[in-house]
Amino acid sequence: MSHKMLQTLLAAALLGGVEPLLAPCRRRRARRAAMTMSDAAQPVLWGENLVKSHDGARRQLDDASLVLREGQRCCVVGHNGCGKSTLLEIISGSDRPDGGGVRLKRGVKVTAVPQEPLVAPEDATKTVRDVLLGGDGAGVEAARAYAAAAAAYEAKPDDVKVAKSFERAADAMNLHDGWAVEAAVATAAAKLNVEHLQDRR
């Protein structure tokens, strides 16, 4: 600590103002610690020099780059038309950049919840539970198959083929950790207060 800084702190102490002076220092140390922790986490996604223009004139993304690390939560904020949705669509793979690219760590899969409401014809037959079980992955597929097999078994408990199918579905739930998916769906339904509406279309 410099002599000048010490004099400032002593003067502030006499006036009862040490805490406000030290607070920015503590905030800087906290930020540096958070950055160090963040840098220690393994990167899982790289967006490199992304360029995108929808009309060929104005660029929504102009040489944009980002790195997302394991455990990080990122919020994309900006005014309308600045490229937020475009960035997320490129990351999810539903759109392609005009330049640059996105790389994922081996084994990482991107899942996206669409911003627009359900509009496809097949969406009209989806139940609330179907929407909660949206996305892909072995666990989700196992949970969907188990739900269908359980419904069939409940309707025909004496049918040997149906019983075998139900047994295979239960084995798949154990193998692919489908029970964790079921628990996540139950939690989401409870938080959204739609537990009683899961079979509604």
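The legends below describe close-up views of a predicted model.

**View 1. Helices α5 and α6 and the residues through which they meet.**
Two packed helices are described by the angle between their axes and the distance between the axes. Here the axes of helix α5, which covers residues 138–155, and helix α6, which covers residues 160–175, come within 9 Å and cross at roughly 150°. Because angles over 145 degrees count as roughly antiparallel, this crossing makes α5 roughly antiparallel to α6. The crossing in which α5 passes α6 is left-handed. From α5, the residues in contact are Ala142, Ala143, Ala145, Tyr146, Ala149, Ala150, Ala152 and Tyr153, and they meet Val162, Ala163, Ser165, Phe166, Ala169, Ala170, Ala172 and Met173 of α6.

**View 2. The open sheet of 3 strands, in the order β2-β1-β3.**
The 3 strands of this sheet are paired in the antiparallel sense. Strands β2 (61–69) and β3 (99–104) stand at the edges, and because each has a single partner strand, one side of each is left without a neighbour in the sheet. From one strand to the next, the twist averages 10°.

**View 3. The pairing of strands β1 and β2.**
Strand β1, made up of residues 43–52, pairs with β2 over 7 bridges, and the sense of this pairing is antiparallel. Within this view, tryptophan 46 stands opposite valine 67, a residue of β2.

**View 4. Histidine 196 in the segment after helix α7.**
Helix α7 spans 178–191, and histidine 196 lies in the segment that follows this helix. Histidine 196 is exposed, because its relative accessible area is 62% and the cut-off for an exposed residue is over 50%. The view also includes valine 128, which is 68 residues apart from histidine 196 along the chain, while the C-alpha atoms of the two residues are separated by 9.8 Å.

Conventions
Residues are numbered from 1 along each chain as its sequence is written. This is a predicted model: local features need pLDDT of at least 70, side-chain atom pairs count only at pLDDT 80 or more; totals for chains, interfaces and linings use all residues. Side-chain values use heavy atoms; hydrogens and water are left out. Axes are lines fitted to C-alpha atoms, for helices over the stretch in contact, and angles run from 0 to 180 degrees between N-to-C directions. Helices (H or I, at least four residues) and strands (E, at least two) are DSSP runs, numbered from the N terminus. Angles under 35 degrees count as roughly parallel, over 145 as roughly antiparallel, 65 to 115 as roughly perpendicular and the rest as oblique. A crossing is left-handed if the near helix is turned anticlockwise from the far one by less than a right angle, and right-handed if clockwise. Contact means heavy atoms within 4.5 Å. Two strands pair if DSSP finds at least two bridges between them. Buried means under 20% relative accessible area, exposed over 50%, partly exposed in between (1.4 Å probe, protein chains only).
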